[in-house]
Amino acid sequence: MTAVVAVAGVAAVVLGWLVPTVAGDRQEHAAPTSTTPDTPIPPTAPASPHPATPTALTSPHPATPTETASPHASTPTEPTSPHTSTPTEPISPHPATPTVPASPHDDSVFERDVTYPDGSVVRAGERFDKTWRIRNAGNVHWHDRYLTRMNDTPCKAPKRVAIGPVRPGESVDITVRVRASDSPGRCKIYWKMTDEDGAPLLADKRPIFLDVTVA
């Protein structure tokens, strides 16, 4: 009887030890269940910095084109300046235009006798060519102008001879065909510049003339 009681006591002790052990084991196995739902939480926390990262990266990108845009705007400005200076070069010939006075100035200068200077001697009845050289000393272009004979003498000469055309500053030689008189004497013939209608031009100028002696 005593042995049975002793066995029962041992069994109770063993059971008492096993029960908390098993319960502890169950708690330990159940503990992972409670941690299982907590495991997805850590990814949630790192998820938040990811959107922040592109936000930070987005802000510098607009700044970059803004800086590069400024040099592009200045680049066309530099080539523009030479284009505006180009037209200033073709302007230099224009100041030559005002050199022509607003009012016309008509003038002539006698330069010399080319043939038969004054006092030359010719034979009676001789035919010869008298030539003068005059210069257009004004700013008027000579055209349709003539030397018109102003008097009559025993020597014969055409009533008028053509002049020109002659531009300002140019000289022109004017020739008339003369026939000496049949008798000895002096021949002096005067000519004045006129238009095609015979109206005098350069009225204040002295006439040019032929002055020869017929022997």
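I count a charge as sitting over a ring if NZ of Lys or CZ of Arg is within 6 Å of the ring centre and within 35 degrees of the ring normal. With that rule I looked up Lys188, and its charged end sits over the ring of Phe209, 4.7 Å from the centre. I also found Arg160 over the face of Tyr146, at 4.0 Å from the ring centre.

Before going on, I note that this is a predicted model, in which local features need pLDDT of at least 70 and side-chain atom pairs count only at pLDDT 80 or more, while totals for chains, interfaces and linings use all residues. Residues are numbered from 1 along each chain as its sequence is written, and side-chain values use heavy atoms, with hydrogens and water left out.

**Aromatic pairs.** I searched the whole structure and found 3 aromatic pairs, where rings of Phe, Tyr and Trp (its six-membered ring) pair if their centres lie within 6.5 Å, and planes under 30 degrees apart count as stacked, over 60 as edge-to-face and the rest as tilted. One of them is the tilted pair of Tyr190 and Phe209, with 5.7 Å centre to centre and 55° between the planes. Tyr190 lies in strand E7 (residues 185-195) and Phe209 in strand E8 (residues 208-214), so the pair ties together parts that are 19 residues apart in sequence. Strands here are DSSP runs (E, at least two residues), numbered from the N terminus.

**Disulfide.** The whole structure holds 1 disulfide, defined as a pair of cysteine sulfur atoms within 2.5 Å. I see that Cys155 is joined to Cys187, with S to S 1.8 Å. Cys155 is in the loop between strand E4 (145-149) and strand E5 (160-163), whereas Cys187 is in strand E7, 32 residues apart. Both Cys155 and Cys187 are buried, which means under 20% relative accessible area, against over 50% for exposed and in between for partly exposed (1.4 Å probe, protein chains only).

**Sheet.** I traced an open sheet of 3 strands in the order E1-E3-E6, with antiparallel pairing; two strands pair if DSSP finds at least two bridges between them. E1 and strand E6 (171-179) stand at the edges with a single partner strand each, so one side of each is left without a neighbour in the sheet. Strand E3 (residues 127-136) pairs with E6 over 9 bridges, and I noted that Asp129 has Arg177 in E6 as its bridge partner.

**Ser108.** Finally I looked up Ser108, which lies in strand E1 (residues 108-113) and is buried, with a relative accessible area of 13%.

Methods:
Helices (H or I, at least four residues) and strands (E, at least two) are DSSP runs, numbered from the N terminus.
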